[in-house]
Amino acid sequence: MKTIDVETLRTWLEEGRPVTVLDIRPMHERVEWSIPGSMHIDAYDALKANDPKALANVGFPGDIPVVTVCAAGKTSLIAAELLQAWGIEAFSLDGGMKAWSLAWNVAEVPVTGDTVHVLQVRRTGKGCLSYLIGAGEEAIVIDAALDPQVYLDLAYHYGWQIERVLDTHIHADHLSRSHHLAQLSGATLFLPEQTRVSFPFTPIRDGDTLEIGTVLLTALRTPGHTSESTCYLLDRRVLLTGDTLFPTGVGRPDLAADADEVIRRASDLYTSLQTLLALPPQTIVLPGHTSTPVAFDSDPIASTLADILEQVGVIHATREVFMQQILARIPPTPPNYERIVRFNEEGLMPESGVMDLEAGANRCAIS
Ligand SMILES: [Fe+2]
């Protein structure tokens, strides 16, 4: 039986190699998350019942390999076997969508001038956006959400040494890889000043600056999504907003907070957004998450403050109305977020079960 692992499939997609990805899951699973560009046929029940006609009505372009995908890589084996019996080169995705959670791709953010390169490293299987910023021979990583080796390999490719690793806040929807990346690379770990984490870090405060090559990164403390949330302004023109501000929404203020704290954070978020919106309208905004699978298109997920002012109506409201509106629109909490927060506060990775712990779509934004 031919199977394919996540790393191989993501490389094929990144290289633009022709492949048909066939998602055979029930529709309610597909709408939660999917592989960009995949085709869908809800053949799950028919395949489980060993119906030989389960994929009979699907037309496949000839000579292109097919990768079948289900939730965990079992029913997709049946699908791949069926296709192979028809002479189609078919592979089943090992571990299914659960394993795909760790798939990623990269886009370079065009920044005028060539003194600094900004790479958006996108965890397409989960929606986490991290950044590798290089200038001269050094680089920093912000919000590492993938295996540290991904960032180390990218930095090596560009001739950079990762000198600093930063997070925008204590994450609740995924395990931060920043602590581990800093240990492996010998980089200094910077976190927004707070008393939540129990491992050593260098605190970063409002207005602190870091030099990368000849450019400056300035910390802007923006409490709201969490009390320590911090945005980073690069070279006065690129704003890394974490989960505070998104192209079509704002951060949720409720995770790991009691009722009074939620109200306080919603009010803080309003104040923080006013600070960000006072920056020049052409400022490029790079968020910490996206709520849909990231295409293998090298197209960065970015916006400008001017566009966000048009897109996100709630930021024009008065403080009172803003608070009322976002508190009324809080989405369901991410699964397992309390355990994820605990791991992130301890700077640990679970010995096993990472994919189960991080399962589920990202839900950090209110739009
Ligand atoms: Fe978050």
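This is a predicted model: local features need pLDDT of at least 70, side-chain atom pairs count only at pLDDT 80 or more; totals for chains, interfaces and linings use all residues.

User: Okay. Where is alanine 135, then?
Analyst: Alanine 135 sits in strand β8, which covers residues 128–135.

User: Is it buried or exposed?
Analyst: Alanine 135 is buried, because its relative accessibility is 2% and the cut-off for buried is under 20%.

User: What is alanine 135 in contact with, leaving aside neighbours within four places in sequence?
Analyst: Thr115, Val116, Trp160, Ile212 and Gly213.

User: And what separates alanine 135 from phenylalanine 343?
Analyst: Their C-alpha atoms are 32 Å apart. Along the chain, the two are 208 residues apart.

User: Is cysteine 364 buried or exposed?
Analyst: Buried, with 1% relative accessibility. Cysteine 70 is buried too, at 2%.

User: What about threonine 75, which element holds it?
Analyst: Helix α4, residues 75–85. Threonine 75 has a relative accessible area of 4%, so it counts as buried.

User: Which residues does threonine 75 touch, beyond four places in sequence?
Analyst: Cys70 is one of its contacts. Ile24, Tyr44, Leu47 and Lys48 are in contact with threonine 75 as well.

User: Zooming out. How many helices and strands are in the chain?
Analyst: Twelve helices and 21 strands. The radius of gyration is 21 Å, close to the 21 Å that the globule rule gives for 367 residues, so the chain is as compact as a globular protein of that length.

User: What box do the C-alpha atoms fill?
Analyst: Roughly 65 × 50 × 40 Å, along the principal axes.

User: What share of the residues is buried?
Analyst: 53% of the 367. As for contacts between residues at least 6 apart in sequence, 62% join residues at least 24 apart.

User: And the accessible surface?
Analyst: About 15700 Å², with 50% belonging to carbon and sulfur atoms.

User: Last one, charges. How many positive and negative?
Analyst: The chain has 27 positive and 47 negative charges. Their mean positions are 4 Å apart.

Note on methods. Residues are numbered from 1 along each chain as its sequence is written. Side-chain values use heavy atoms; hydrogens and water are left out. Buried means under 20% relative accessible area, exposed over 50%, partly exposed in between (1.4 Å probe, protein chains only). Helices (H or I, at least four residues) and strands (E, at least two) are DSSP runs, numbered from the N terminus. The radius of gyration is taken over C-alpha atoms; the globule rule is 2.2 Å times the number of residues to the power 0.38. Contact means heavy atoms within 4.5 Å. Accessible areas come from the Shrake-Rupley method with a 1.4 Å probe; for residues, only the protein chains shown count as cover. Lys and Arg count as positive and Asp and Glu as negative; His and the chain ends are not counted. The place of a charge is taken as NZ of Lys, CZ of Arg, CG of Asp or CD of Glu.
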